[in-house]
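Welcome, and thanks for taking a look at this one. Please have the sequence and the model open side by side as you read.

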Amino acid sequence: MSLFLHLISFSLEMSDNLIQLSSKEKNDEGFHSLTNNMRKSNENIDIKQTIIKTNFKNQEFIKDALIHYGLKLNENTSNITSFLEKGTVTFKKNQEGTYDIIFIGNLDENTINNFNSQINEEYMKIVQEDTYEKVIENIKSKDMTLENEVVTDDDSIVLTISIN
């Protein structure tokens, strides 16, 4: 049985467990870590919570990025949650109107950084695609003509437009 499934079964018996806040730290990359130690009998299991602030604002784009990443989503009105191999990841809207990524489980920093990097890259591609479509629609609705379109080595799109 995986560690995560053990964690779920232990959490069902929370009333028998002692939850102890063992550390709160901020590392060099700005991650806030909160480690809870759950104790049942002689077994110790560390559950780590890591929160990463993002500039993501569009919930639909987040969903699309996670689906492209290959995750199945559990969502409610304001949060998007998915299961990873050794924990969960939740996107929760904060007071600033952007989404925080909350990792809970036995996830190492490398796994968290890789996930964050890949989701960020996918999210930015979706934003670029949406922006491109809006610009093309705007060109068509105005008195303009798209003369040339070039995709550069860094996947930027350069449009040359003539005004009629």
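The notes below cover aromatic ring pairs and a strand hairpin. Please keep in mind that this is a predicted model. The count of aromatic pairs comes to five, and strands S8 and S9 run antiparallel.

**Aromatic pairs between helices H2 and H3**

- Phenylalanine 61 and tyrosine 123 have ring centres 6.1 Å apart and planes at 65 degrees; angles over 60 degrees count as edge-to-face, so this pair is edge-to-face.
- Phenylalanine 61 sits in helix H2 (residues 59-69) and tyrosine 123 in helix H3 (residues 109-141), so their contact ties together parts that are 62 residues apart in sequence.
- Both phenylalanine 61 and tyrosine 123 are buried.
- Tyrosine 69 and phenylalanine 115 make another edge-to-face pair, at 5.1 Å centre to centre with 85 degrees between the planes.
- This pair also links helix H2, through tyrosine 69, with helix H3, through phenylalanine 115, across 46 residues.
- Tyrosine 69 is partly exposed, at 34% relative accessible area, whereas phenylalanine 115 is buried, at 2%.

**A ring cluster**

- Phe61 and Tyr123 come back here: together with Phe56 and Phe91 they form a cluster linked by ring pairs.

- Strand S8 (residues 144-151) is joined by seven bridges to strand S9 (residues 157-163).
- Valine 150 has valine 158 in S9 as its bridge partner.
- Five residues lie between the two strands of this hairpin, and aspartate 155 there adopts a positive phi near 70 degrees.

Notes
Residues numbered from 1 in each chain as written. Predicted model: local features only at pLDDT ≥ 70, side-chain atom pairs only at ≥ 80, totals over all residues. Heavy atoms only, no water. Pairing = 2+ DSSP bridges. Helix = DSSP H or I, 4+ residues; strand = E, 2+ residues; numbered from the N terminus. Phe/Tyr/Trp six-rings, centres within 6.5 Å; stacked < 30°, edge-to-face > 60°. Buried < 20%, exposed > 50% of the residue type's maximum accessible area, 1.4 Å probe, protein only.
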